[in-house]
Amino acid sequence: MVQDNLTTQLENRNGVQVVRVSGPLGFDSYYRFKEFMDPMVETPGVRIVLDGEKLGYVNSKGFVLLARYQRIAAQQGSFFGIAALNSRLVKEVALLGLDRLVKTYATVEEAVAAAGEGR
């Protein structure tokens, strides 16, 4: 059983909300993470970058939630970028077939730049 050790930190970088996550996004932390993110993601015009450099684990439900956030952002003219995932998580995105739904960025800086450009 994975413990709920997920932590989040929020930083505003020139109007882009950078959310640093650390730990596992699994069964135990899913709803707390969703409760934290939902109000932000549902704000029209928001620009969010999820910094996943210290994200150790994401279950399939977590990946689907991240894909949902990107879809919501696209529908309302916002931005939700996922950045700096470790290579294992990038492979999992591909194995789950979510690479067609989930746009990732190699670095936080790349995602912040894309958020500023609105892509």
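Which residue takes a positive phi just after helix 2? The points below answer this and describe the surroundings.

1. This is a predicted model, in which local features need pLDDT of at least 70, side-chain atom pairs count only at pLDDT 80 or more, and totals for chains, interfaces and linings use all residues. Residues are numbered from 1 along each chain as its sequence is written, and side-chain values use heavy atoms, with hydrogens and water left out.

2. The residue in question is G77, with a positive phi of about 70°. Helices (H or I, at least four residues) and strands (E, at least two) are DSSP runs, numbered from the N terminus.

3. Helix 2 covers residues 60-75, which is 16 residues. The expected span of a helix is 1.5 Å times one less than its number of residues.

4. Buried means under 20% relative accessible area, exposed over 50%, and partly exposed in between (1.4 Å probe, protein chains only). The buried residues in helix 2 are G62, F63, L65, L66, A67, Y69, Q70, I72 and A73. Their cover includes strand 2 (16-25), helix 1 (30-41), strand 3 (47-58), strand 4 (79-83) and helix 3 (87-95), where contact means heavy atoms within 4.5 Å.

5. N14 lies in the loop between strand 1 (7-13) and strand 2. Its phi is near 50°, a positive value in a residue other than glycine. N14 is exposed, with a relative accessible area of 78%.

6. A84 sits in the loop between strand 4 and helix 3. A84 is also not glycine and has a positive phi, near 60°. With a relative accessible area of 17%, A84 is buried.
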